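Here is a walk through some helix packing, strand pairing and domain contacts. Have the model open while you read.

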Number of protein chains: 2
Amino acid sequence: MTAVAPIFRERVVIVGGGFGGLACARDLDGADVDVLLLDARNYHLFTPLLYQVATALLDPSDIAYPFRTVFRRSPNVRFRQARVTGVDFDARRVEVAGGEPIAYDTLVLATGSGNAYFGNPALAERTIGMKSLDEALRLRNHVLSCLERAAQATDPAERSRWLTFVIVGGGPTGVEYTGALAELLGLVLGRDFPELPPGSARVVLVEGADRLLGPFHPRLGAYAADSLRSRGVEVLLSTFVREATDDAAVLASAEHGEATTIPARTIVWSAGVGPTDPLPDKEPDGAGVTRSRTRRLEVDEHLRIRPGVYAIGDVASVRSGGADTGAEELPMLSPPAMQEGRYVAGAIRSGGEPVRPFRYTDKGTMATIGRRAAVAQVGPLRVRGFLGWITWLVVHLYYLIGFRNRATVLASWGWDYLRRDRPIRLIVRSRYDPVVAALVPDDS
Amino acid sequence: MTAVAPIFRERVVIVGGGFGGLACARDLDGADVDVLLLDARNYHLFTPLLYQVATALLDPSDIAYPFRTVFRRSPNVRFRQARVTGVDFDARRVEVAGGEPIAYDTLVLATGSGNAYFGNPALAERTIGMKSLDEALRLRNHVLSCLERAAQATDPAERSRWLTFVIVGGGPTGVEYTGALAELLGLVLGRDFPELPPGSARVVLVEGADRLLGPFHPRLGAYAADSLRSRGVEVLLSTFVREATDDAAVLASAEHGEATTIPARTIVWSAGVGPTDPLPDKEPDGAGVTRSRTRRLEVDEHLRIRPGVYAIGDVASVRSGGADTGAEELPMLSPPAMQEGRYVAGAIRSGGEPVRPFRYTDKGTMATIGRRAAVAQVGPLRVRGFLGWITWLVVHLYYLIGFRNRATVLASWGWDYLRRDRPIRLIVRSRYDPVVAALVPDDS
């Protein structure tokens, strides 16, 4: 039903429908404000499972949910697919690509993060990221195509180039993708590809730090490295990617400088992530926004960058102990974003006068390494192995939005577990469509 | 397991893994020959349900099945993803793009069909076809994007351009897509798009003949037109598309010549289909192949275009009464293709000496118009309405390859039927990947 909202009601514009923006919009459902959610895409993406789309276990629709469906029964929450190009703070208007500016009374910036390449364009061009559904599908198609090419290759060196996969970045995303890729290769080599004997593929995980899973306790990082190695993955710590070409990755160790070249057709990028927002940096004249060392937006203890403008999630520099303390920035993960989103919704509901500053409650983090192996960390409690894996399954199913997705994801997982199969091994090359292109921006 | 085939065994190369090629390969599973299946894609596509992917009801993986999974347990059947560029009949070799020629003893051409535009390149450029998964996904993304654009449009004329969808061609594909699109619009307009009141969209089906569903009995065609009209579709018979631009379709009636222009951002092409094969036409010197009036390959009563070379499915001109009779060519549908594939498999198993010429057994054809409405025709028997719909469901589920697909398709259908919803309304713009591009050719 079409509910026309009364005039003179406070207008809240939320930019970005990730975990933070969505949580904020949902908590404002039914409130005495008009909410407009803007996103360049028409669906919310459950990014923690993106690597399973990239490894042909889940379909895109299993982890993506159209915003218009989410808010179908919310008379005061509207969605518009639009790319925000800027904000006029004085006029209180949001500028969108190819459309009229949108007025707001209260603005919530939840524009999230994207791949960051430390100013190395070659890396951006020669590696495949994993921040969007588009990239995950491209990665899936790419890896499956590499296997087909390897099956046809006559020159052994050429074949091994097609069968070598370098993953850059040993954070949760890199570790989870690496584990799932090793599993995928173990499932299809020899069986679906009799031309390619089991173990003929090479998976290399490269991490600049001296351990995997930075956000976790060192012991869990060590466990992740061990279980990946036990799955045949080469884990290179304290190592950086110096160069990426079409058929090789040039690595350099942190200790000794000499470079080693790994011939490979596939380089996956999960090493760098940075905030993505359309705002200009601080000018001497006082205009623009203030950023943290990581270029996230500086916010006050009520998550405001200025009166009436909030910033939450990956794009905001929120310090667990409050802005005043020198505490660490909260990691770019969904739990902080969701808590920040709900906090801002509460602040808006209370007329913009929050009773207390934002405080983050750490409910723990987790990452899966593969079949029956995962790590979970809740405060002092650390779980790993099968128990960690079960915990991971339950939590992720619980947080998956929408009944259908939960059911189909469970089905796919069950299928995968019982049949040791990867159901969705399709190489689909989608054609460019100008209308879609005008709506959905490039991810680069 | 890797079964190395003995040398000197007959080598059968099948080009194309559609209904015909797949049926042939499956019936040769376990036979005393080595079978190599070549296809430009790595999956078999259940094309009869393509329109459901295009209307956001099914996921690609529901109707596509990787060849390597199909033949996982077939020691004598191998798959290779390759695009065939030509055949050297004298050397008995198949030429493939970017690879060594492949030798054969027996060749089965099952290269299928593609969109045909009657030599009008503008139509090819300005319309969206529905012959491949790629096109179906593009169509889905395009239509959903049009709705988002319409929701943002301020100019009424512009808005109605975004909300007008012209489908060219009233054959089974055109009718089924039109019915599903009308249903999709009925489900989301007003509900998911409060900005767009129900009935604000316009769906126009254009057919050059004086009735829909040419292959069916006239009464079923009339029924299809009636039930589409009852669903709000404008059905224009004896009408042709004279011109297609970015924002309009120019139509001309068969009776009176004057043209009418329909402003629309979407023109779907299902009017022309032609055989796709890499073979040169007949030369005076005797080289090349002989084609029928529809440009399909002329075959003898044993489906051979020459000794050791068979042609089946859409690419072959098979006459129901045998090649000698003047009977009609069999329609470009899956049942003839599958029967021809099995016939050729039998002929190959019997050492290339078939006991009888090929005869087609008409098991009937069917098409669905929408919720609880379909037409089915088995010889003199004609079913329509709810009963036809049930028949359609059962038959299509039965023929869907692979357990997983059947289960998930049934789940999606049940979901759609009960919840009157379209689960998969994602606008995903997949990025170009050179490795994939090298394997998977354009559909144009």
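## Sheets, domains and helix pairs

In chain B, strand β7 (residues 93–96) pairs with β8(B) in the antiparallel sense, over two bridges. If you want a spot to look at, find B:R93, which stands opposite B:A103 in β8(B). Keep in mind that this is a predicted model.

That pair belongs to an open sheet of three strands in chain B, ordered β6-β7-β8, with antiparallel pairing. Its edges are β6 (84–88) and β8 (102–103) of chain B, and each of these pairs on one side only. In general, strands of a sheet pair through backbone hydrogen bonds, and they do it either parallel or antiparallel.

Now over to chain A for another sheet. Here an open sheet of three strands runs in the order β14-β15-β16, and the pairing is antiparallel. From one strand to the next, the twist averages 30°. Which strand does β14(A) join through five bridges? That would be β15 (residues 248–253) of chain A, and the two run antiparallel. One bridge to pick out links A:V241 with its partner A:L251 in β15(A).

Next, the domains. Chain A is split into domain 1 (11–40 + 82–115 + 274–349) and domain 2 (121–271). Taken over C-alpha atoms, the centres of domain 1 and domain 2 of chain A are 34 Å apart. Four residues from domain 1 of chain A and five residues from domain 2 of chain A make the contact. The size of an interface is often given as the accessible area lost when the parts come together. For these two domains of chain A, the buried area is about 340 Å², with 51% of it on carbon and sulfur atoms.

On to the helices. Two packed helices are described by the angle between their axes and the distance between the axes.

| Helix pair | Axis distance | Angle |
|---|---|---|
| α1 (19–27) and α10 (334–349), chain A | within 7 Å | roughly 30° |
| α6 (133–152) and α8 (172–188), chain A | within 13 Å | roughly 35° |
| α6 (133–152) and α8 (172–188), chain B | 13 Å | about 35° |

Take α1(A) and α10(A) to start with: their crossing is right-handed. From α1(A), the contact uses A:F19, A:G20, A:A23, A:C24 and A:D27, while α10(A) brings A:S334, A:A337, A:M338, A:G341, A:R342, A:V344, A:A345 and A:R349. Sorted by class, the residues of this contact of α1(A) with α10(A) come out as seven nonpolar, three polar and three charged.

The crossing of α6(A) and α8(A) is right-handed. In this contact, A:L139, A:V143 and A:L147 of α6(A) meet A:Y177, A:L181, A:L185 and A:V188 of α8(A). How do the residues of the contact of α6(A) with α8(A) divide by class? There are seven nonpolar, no polar and no charged residues.

Over in chain B, α6(B) passes α8(B) in a right-handed crossing. The residues in touch are B:L139, B:V143 and B:L147 of α6(B), together with B:Y177, B:L181, B:L185 and B:V188 of α8(B). By class, the contact of α6(B) with α8(B) has seven nonpolar residues, no polar ones and no charged ones.

Notes: Residues numbered from 1 in each chain as written. Chains lettered and ligands numbered in written order. Predicted model: local features only at pLDDT ≥ 70, side-chain atom pairs only at ≥ 80, totals over all residues. Heavy atoms only, no water. Axes fitted to C-alpha atoms, helices over the stretch in contact; angles between N-to-C directions. Helix = DSSP H or I, 4+ residues; strand = E, 2+ residues; numbered from the N terminus. Left-handed = near helix turned anticlockwise from the far one by under 90°. Contact = heavy atoms within 4.5 Å. Nonpolar A, V, L, I, M, F, W, Y, C, P; charged D, E, K, R; others polar. Pairing = 2+ DSSP bridges. Domains from an automatic or database assignment. Buried area = accessible area lost by both parts, 1.4 Å probe.
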